[in-house]
Amino acid sequence: MRAALVHAAGHDKLDIRDDVTLTPLGPTDVRVKIKATGVCHSDLSAMSGILPQPMPLVPGHEGAGEVLEVGDHVETVKPGDHVIINWRPACQQCELCVGGQPFLCMKYVIESFTTARLRYDGDKQVFGMAGCGTWAEEAVVPWQGAIKIDEDVPYEVAALIGCGITTGVGAALNTAKVKPGSTVAVIGCGGVGLSVIQGARISGARAILAVDPLESKHALAKKVGATHTCTPEQLMEAIGEVTGGTGFDYGFEVVGKSASIMSAWQATRAGGDVVVVGAGAMDDMVSISAFSLLFEGKRLLSSLYGESDVRHDFPRFAKLWRSGHLDLESMISARIKLADLNDAVDALRGGDVLRQIVVMD
């Protein structure tokens, strides 16, 4: 089958080849024919090494497709079912899973570094990003990594729900629990940032400030729910204009940089919530004084995968799309083929595009 490989961290170009194969299906595995997959900034971070991944690697973690085959012990899906790939599958047995935090389960994260489910050039092993590797025509995932959805949900929409929507909308609904009538600032207006904006709108926020250095993104931010926009240089002025200088009730960081985390901190009022959504580098340190942490009364929160239980939230977000509350079509900037992935990666690095979706033949 065809797949896109990166051979080592830091390589700029993908090796798109047709000799990739899958390892045999295990009793608890599901084989999925990928129908659509997103090109996400986290994929770039995996290629560059900012997000550590085993190499060589098939990137891609935001995907949807049709079940082709299931292991003997799989009861949740069957061949022909439409599924969204869950890049953070939960064992559903550990204390974190049973305690209501399946998005923190590490079982399959660890396995993704030790189990290579793909081969190329004969028997050379290849890993899938986050255990998925959706930049390929097929993928094998544990049964917890294939979540059934209704067949009326287009694969492109389903793929977006698989990562960007769940991460962003979930940050607003699940982590921050944005209150009606509140004020929200969102630092970074890529696909996930726009999803945070939509989550804040759905929650009933009265003012939503979208902050991004590219003014070309501001119009779309307003289309999906932002009431105000600005560049980072205009942030202090916007705080005064929108909140009278007191700061926002919620400040979301959706870039993955210490500087933007500090911007979110500064934009948030005393006693407000600062929510870190962006995936940053391990050596990018954030410095906040102990005095500020106590006396400003702000809560510094992280939101991994929107703190979602995907068994509930994937169908929930599909219903919000179906009812017109989530605008997902506007977030797709281009539909491309797998062979065009190198051009798509270059475009994403340039910063002017949102979600490019690979539509498989």
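The second largest cavity is lined by His41, Gly190, Gly191, Lys217, Leu348, Val353, Leu354 and Arg355. A cavity here is a set of points on a 1 Å grid over the protein atoms alone where a 1.4 Å probe fits but cannot get out, and lining residues have an atom within 4 Å of a point. This is a predicted model: local features need pLDDT of at least 70, side-chain atom pairs count only at pLDDT 80 or more, and totals for chains, interfaces and linings use all residues. Residues are numbered from 1 along each chain as its sequence is written, and side-chain values use heavy atoms, with hydrogens and water left out.

That second cavity holds about 40 Å³ of space; volume is the space filled by probe spheres set on the points, with grid points joined across faces, edges and corners. Its lining has 3 nonpolar, 3 polar and 2 charged residues. For those classes, Ala, Val, Leu, Ile, Met, Phe, Trp, Tyr, Cys and Pro count as nonpolar, Asp, Glu, Lys and Arg as charged, and the others, Gly among them, as polar.

How many cavities of 30 Å³ or more are there in the whole structure? The search finds 2. Of its 16 lining residues, Tyr108, Ser112, Arg117, Gly131 and Pro142 lie nearest the centre. Helix α3 (107-114) and strand β10 are the elements that give two or more residues to this lining. Helices (H or I, at least four residues) and strands (E, at least two) are DSSP runs, numbered from the N terminus.

Staying with β10, residues 138-142, we find Val141 there. Val141 is buried, at 2% relative accessible area; buried means under 20%, exposed over 50%, partly exposed in between, with a 1.4 Å probe and protein chains only. Leaving out residues up to four places away in sequence, Val141 touches Asp29, Val30, Ile85, Gly131, Cys132 and Ala146. Contact means heavy atoms within 4.5 Å.

Next, helix α4, residues 155-176, which contains Thr167. Thr167 counts as buried because its relative accessibility is 9%. Beyond four places in sequence, Thr167 touches Val192, Val277, Tyr305 and Gly306.

Last, the core. The largest nonpolar core has 96 residues, and those touching the most other members include Trp135, Val184 and Phe252. Its largest share, 13 residues, comes from α4. Such a core is a set of buried Ala, Val, Leu, Ile, Met, Phe, Trp, Tyr and Cys residues joined through side-chain atoms within 4.5 Å. A second, separate core has 16 residues, among them Ala185 and Val211.

Note on methods: On a 1 Å grid over the protein atoms alone, a cavity is a set of points where a 1.4 Å probe fits but cannot get out, and a pocket is an open set with protein on both sides within 12 Å along at least five of seven lines; lining residues have an atom within 4 Å of a point.
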